[in-house]
Amino acid sequence: MKNIRSITLEKYKDLPYEYLEEHIYRNHADQIFVTALSFELEADEDSQYPLEDLLDQFNLYVSGFINPEIFNRSSQLSLELAGDPEDIRDLLESIIGKRVYNTNIQAEDGQTYVKLMIE
């Protein structure tokens, strides 16, 4: 994943959404906190990885797909994430403008493990 940026969805301007802080909104109807991201998949990535590992690391989940009709056919994806505001804030501070990818790491025990990299 690269060219990661926060986006503000039009729906965030009206109820049931309330601005909490930069790029974090509270959805009063669903009682969740959300943010929206846009990113580009790299040539060897699919829409599942490294996204799933990133969500696990920051304790977030996908609450909505923006333009779901192109989600599995485009390298430029946008989605809405939900979770605790602190976890959303940590994610935004960690990945905006950076590259996120998985790499294989050879451990001392000889096993190969997948590691999430943010650079």
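Among contacts in the protein chain between residues at least 6 apart in sequence, what percentage join residues at least 24 apart? The figure is 59%, where a contact means heavy atoms within 4.5 Å. This is a predicted model, in which local features need pLDDT of at least 70, side-chain atom pairs count only at pLDDT 80 or more, and totals for chains, interfaces and linings use all residues. Residues are numbered from 1 along each chain as its sequence is written, and side-chain values use heavy atoms, with hydrogens and water left out.

**Overall layout**

- The protein chain has two helices and eight strands; helices (H or I, at least four residues) and strands (E, at least two) are DSSP runs, numbered from the N terminus.
- The C-alpha trace of the protein chain spans about 55 × 30 × 25 Å along its principal axes.
- Of the 119 residues in the protein chain, 38% count as buried, which is to say under 20% relative accessible area, while exposed is over 50% and partly exposed lies in between (1.4 Å probe, protein chains only).
- The protein chain has an accessible surface of about 7100 Å², and 45% of that belongs to carbon and sulfur atoms; such areas come from the Shrake-Rupley method with a 1.4 Å probe, and for residues only the protein chains shown count as cover.

**Strand β6 and its partners**

- Strand β6 (residues 76-83) is largely enclosed by the rest of the structure, because seven of its eight residues are buried.
- Strand β4 (residues 32-40) pairs with β6 in the antiparallel sense over eight bridges; pairing requires DSSP to find at least two bridges between two strands.
- Here Phe33 stands opposite Gly83 of β6.
- Strand β5 (residues 61-66) also runs antiparallel to β6, and five bridges join the two.
- Tyr61 has Ala82 in β6 as its bridge partner.

**Salt bridges**

- There are five salt bridges, each being a side-chain nitrogen of Lys or Arg within 4 Å of a carboxyl oxygen of Asp or Glu.
- One of them joins Glu10 and Lys13, whose closest N and O atoms are 3.5 Å apart, and both residues are exposed.
- Another joins Glu42 to Arg99, with the closest N and O atoms 2.6 Å apart.
- Glu42 sits in the loop between β4 and α1 (51-58) and Arg99 in the loop between α2 (85-95) and β7 (100-106), so this pair ties together parts that are 57 residues apart in sequence.
- Glu42 counts as buried at 16% relative accessibility, whereas Arg99 is partly exposed at 31%.

**Nonpolar cores**

- The largest nonpolar core has 21 residues, of which Met1, Leu54 and Leu91 touch the most other members; a core is a set of buried Ala, Val, Leu, Ile, Met, Phe, Trp, Tyr and Cys residues joined through side-chain atoms within 4.5 Å.
- At least two residues of this core come from each of β4, α1, β6 and α2.
- Leaving aside neighbours within four places in sequence, Leu54 is in contact with Met1, Leu91, Ile95, Val100, Leu116 and Ile118.
- A second, separate core of nine residues includes Ile7, Tyr12, Val34 and Ala36.

**A loop residue to look at**

- Ala29 is in the loop between β3 (24-27) and β4, and counts as exposed at 58% relative accessibility.
- Ala29 and Leu41 are 12 residues apart in sequence and 32 Å apart in space, C-alpha to C-alpha.
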